[in-house]
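Reader: I have a model to go through. Please take me through the terms as we go.

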Amino acid sequence: MEKGKKHLGHIESLRALAALIVLLFHFISFSDAKGPLIENELVRKYSEFGAQGVELFYIISGFVIYYSLTSTSFGIQNYPKYLLKRFARIFPPFLGTIALICIAPYFFGWPFPYSAKQLLENATLSVDLFKDTQWMNPIFVTLKVEFLFYLVIGLLVIPLHKTIWSYALITFSALISAYYFHSIDLVHNIPFFLIGIACSEIYRSRSLVLNYSLIAACLVFLYLIFPMEDVVISVIGVVFLLWVKIKSIWLESIGKFSYSLYLTHGFSGGLFLYYCKNQRHVDWNPWVYFTCAVLGAIVFAYCYYRVIEQRSIRWSKSIKY
């Protein structure tokens, strides 16, 4: 840790917010053969903003990963250990989630729906390389984007951090590439990662004019190309990263296991909703279902964090460079 490194506790609270709005969106929009859980169309429509929690995670990743790498004497010789460190942090909880998804059919007495090929391609985040395979859970796509970002930023952080001119050339070139190649997942999401990187530099009072200009350029780009919701969540991300630092014990606590919550809420809360809605003797108010699903997902995620993710964190921290 660099001398005088600032406290980043508010990042955990922001992670919690990102995970919670994704969770709320998924549960409010839950539907099965019997129809939607929440029938109020206005509530369902406004809940769709929760999908932008994914983009908020990208902004946070841009901030945290760049901040971390530039807080050490990172060199290209450290790249293999850096990737191993990220792998140890991300993959064990992710693979555990795949295992949970595989267990679900047996719980309901369904036939097992996945082939060995599909399991392997999901576990290696390589589904999009093959036309005949589907993601077992749509959120796995976002993990693929995250890991591609780790691969690229580990190579670019040295020239990015070398001079202000190389930083400006690389970041603005990346933004321009997003315009021409936005059909590629990682490139499509470049503006969000760039906003996080720029916030990281502003947070440490580096090249303020350049980085505010970069954020402004990203917001203009998003306004022209993306839905307005992406502009809004990006502004929210900047505000909460730089100026309105959330100080909440509850949110910071949830933030510590937000990755587990993000990974497992579809399994725990989603299966709960499906099971209850298909039981004739259970006829609760939809908002009771929803509340139980939210609370159950949080409790399940905390247990998953204690059993699986904490070990992953320890493995990651044991890798030094």
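Reader: What makes up the lining of the largest pocket, by class?

Author: This is a predicted model, where local features need pLDDT of at least 70, side-chain atom pairs count only at pLDDT 80 or more, and totals for chains, interfaces and linings use all residues. Residues are numbered from 1 along each chain as its sequence is written, and side-chain values use heavy atoms, without hydrogens and water. The lining has 21 nonpolar, nine polar and twelve charged residues. Asp, Glu, Lys and Arg count as charged; Ala, Val, Leu, Ile, Met, Phe, Trp, Tyr, Cys and Pro as nonpolar; the others, Gly among them, as polar.

Reader: Which residues lie nearest the centre of the largest pocket?

Author: Arg-15, Val-64, Ser-68, Arg-86 and Arg-89, out of 42 lining residues. H3 gives the most to this lining, with ten residues.

Reader: What is the make-up of the second largest pocket's lining, by class?

Author: It has 24 nonpolar, eleven polar and three charged residues. Here H13 gives the most, with eight residues.

Reader: Why are H1 and H11 called roughly antiparallel?

Author: Helix H1 (residues 9-28) and helix H11 (residues 228-242) pack at about 155 degrees. Angles over 145 degrees count as roughly antiparallel. H1 and H11 are therefore roughly antiparallel.

Reader: Which residues make the contact?

Author: His-10, Ile-11, Leu-14 and Ile-21 of H1 meet Ile-233, Gly-237, Phe-240 and Leu-241 of H11; contact means heavy atoms within 4.5 Å. Six of the contact residues are nonpolar, two are polar and none is charged.

Methods: Axes fitted to C-alpha atoms, helices over the stretch in contact; angles between N-to-C directions. Helix = DSSP H or I, 4+ residues; strand = E, 2+ residues; numbered from the N terminus. Parallel < 35°, antiparallel > 145°, perpendicular 65-115°, else oblique. 1 Å grid on protein atoms, 1.4 Å probe; cavity = no way out; pocket = protein on both sides within 12 Å on 5 of 7 lines; lining within 4 Å.
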